[in-house]
Amino acid sequence: MSPAAPLHADPGLQPERTVLSWGRTMMLFAVVGAVFLRWLPHYGLWTVGLTLSCALVAGAIYATQRRRYSRQSRGIAAEQVEADVPAVLTTTLATVVLGLMGILAVLARI
């Protein structure tokens with residue numbers, strides 16, 4: 001069975017770099033969630049919520065990777081690529097909310 005033909009002519013083009021970037025972001029959320037688990041003995045159940053939130057964001061990024069890659073590849077082939085503004089804004093909002101929740105967890109302990 002032969003591998004699937006690429007959706008665009010240049011395999012080093014933007015979709016591959018974007019997928020790698022989102023993969024790093026997904027990994028970051030997973031690692032931060034694991035770090036939050038280390039807080040469990042000191043900050044209590046706040047950390048479980050933080051960890052689950054990180055896992056939810058990482059899972060959402062993972063679930064949307066294939067769709068994002070296909071859309072960008074088709075956009076390059078059609079010479080019409082649009083930025084994924086909702087995904088970036090959602091990830092930014094998730095980062096800010098998780099940071100605030102982490103600060104609240106620390107302040108609640110004081």
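Colleague: Where does Phe 29 lie?

Modeller: Phe 29 lies in helix H1. Bear in mind that this is a predicted model.

Colleague: Buried or exposed?

Modeller: Phe 29 is buried, because its relative accessible area is 6% and the cut-off for buried is under 20%.

Colleague: Which residues is Phe 29 in contact with, leaving aside its neighbours within four places in sequence?

Modeller: Cys 54, Val 57, Ala 58, Ile 61, Thr 91, Thr 95 and Leu 98.

Colleague: And how far is Phe 29 from Thr 51?

Modeller: In sequence they are 22 residues apart, and in space 9.0 Å, taken from C-alpha to C-alpha.

Colleague: Tell me about Thr 51, then. Where is its place, and what is it in contact with?

Modeller: Thr 51 belongs to helix H3. Beyond its neighbours within four places in sequence, Thr 51 is in contact with Gly 33, Phe 36 and Leu 37. Thr 51 has a relative accessible area of 15%, so it is buried.

Colleague: Let's back up to the whole protein. How many helices and strands?

Modeller: Four helices and zero strands. Starting from the N terminus, the order of elements is α-α-α-α.

Colleague: How much of the protein counts as buried?

Modeller: Of its 110 residues, 26% do.

Colleague: And what share of the contacts with a separation of 6 or more comes from residues 24 or more positions apart?

Modeller: That share is 73%.

Colleague: Back to H1. What should its span be, and what is it in the model?

Modeller: H1 covers residues 14-38, which is 25 residues. At 1.5 Å a residue these should span 36 Å, and the end C-alpha atoms are 37 Å apart, so the two agree.

Colleague: Which residues of H1 are buried?

Modeller: Pro 15, Thr 18, Trp 22, Phe 29, Gly 33 and Phe 36.

Colleague: Why would residues three or four places apart point the same way?

Modeller: Because an α-helix has 3.6 residues a turn.

Colleague: What covers the buried residues of H1?

Modeller: The cover includes helix H2 (40-43), helix H3 (46-77) and helix H4 (85-109).

Colleague: Take H3 first. How do the axes of H1 and H3 cross?

Modeller: They cross at roughly 175° and come within 8 Å. H1 and H3 are therefore roughly antiparallel, since angles over 145 degrees count as such. The contact of H1 with H3 has 17 nonpolar residues, 10 polar ones and two charged ones.

Colleague: What does Gln 65 touch?

Modeller: Val 19, Trp 22 and Gly 23, if residues up to four places away in sequence are not counted. Trp 22 is one of the buried residues in H1.

Colleague: Now H1 and H4. At what angle do they pack?

Modeller: About 15°, with the axes 13 Å apart. H1 and H4 are therefore roughly parallel to each other. The crossing of H1 past H4 is left-handed. On the H1 side, the contact is made by Trp 22, Thr 25, Phe 29 and Phe 36, and on the H4 side by Ala 87, Val 88, Thr 91, Thr 95 and Leu 98.

Colleague: How do those residues divide by class?

Modeller: Six are nonpolar, three are polar and none is charged.

Colleague: What about H3 and H4, at what angle and distance?

Modeller: The angle is about 170° and the axes are 10 Å apart. H3 and H4 are therefore roughly antiparallel. H3 brings Trp 46, Gly 49, Leu 50, Ser 53, Cys 54, Val 57 and Arg 68 to the contact, while H4 brings Ala 87, Ala 94, Leu 98, Met 101, Gly 102, Leu 104, Ala 105 and Ala 108. By class, the contact of H3 with H4 has 11 nonpolar, three polar and one charged.

Colleague: Last topic, H4 itself. What span should its 25 residues have?

Modeller: They should span 36 Å at 1.5 Å a residue, and the end C-alpha atoms are 36 Å apart, so that agrees.

Colleague: Which residues of H4 are buried, and against what do they pack?

Modeller: Ala 87, Thr 91, Ala 94, Leu 98, Gly 102 and Ala 105 are buried. The buried residues of H4 pack against H1, H2 and H3.

Notes
Residues numbered from 1 in each chain as written. Predicted model: local features only at pLDDT ≥ 70, side-chain atom pairs only at ≥ 80, totals over all residues. Heavy atoms only, no water. Helix = DSSP H or I, 4+ residues; strand = E, 2+ residues; numbered from the N terminus. Expected span 1.5 Å × (residues − 1). Buried < 20%, exposed > 50% of the residue type's maximum accessible area, 1.4 Å probe, protein only. Contact = heavy atoms within 4.5 Å. Axes fitted to C-alpha atoms, helices over the stretch in contact; angles between N-to-C directions. Parallel < 35°, antiparallel > 145°, perpendicular 65-115°, else oblique. Left-handed = near helix turned anticlockwise from the far one by under 90°. Nonpolar A, V, L, I, M, F, W, Y, C, P; charged D, E, K, R; others polar.
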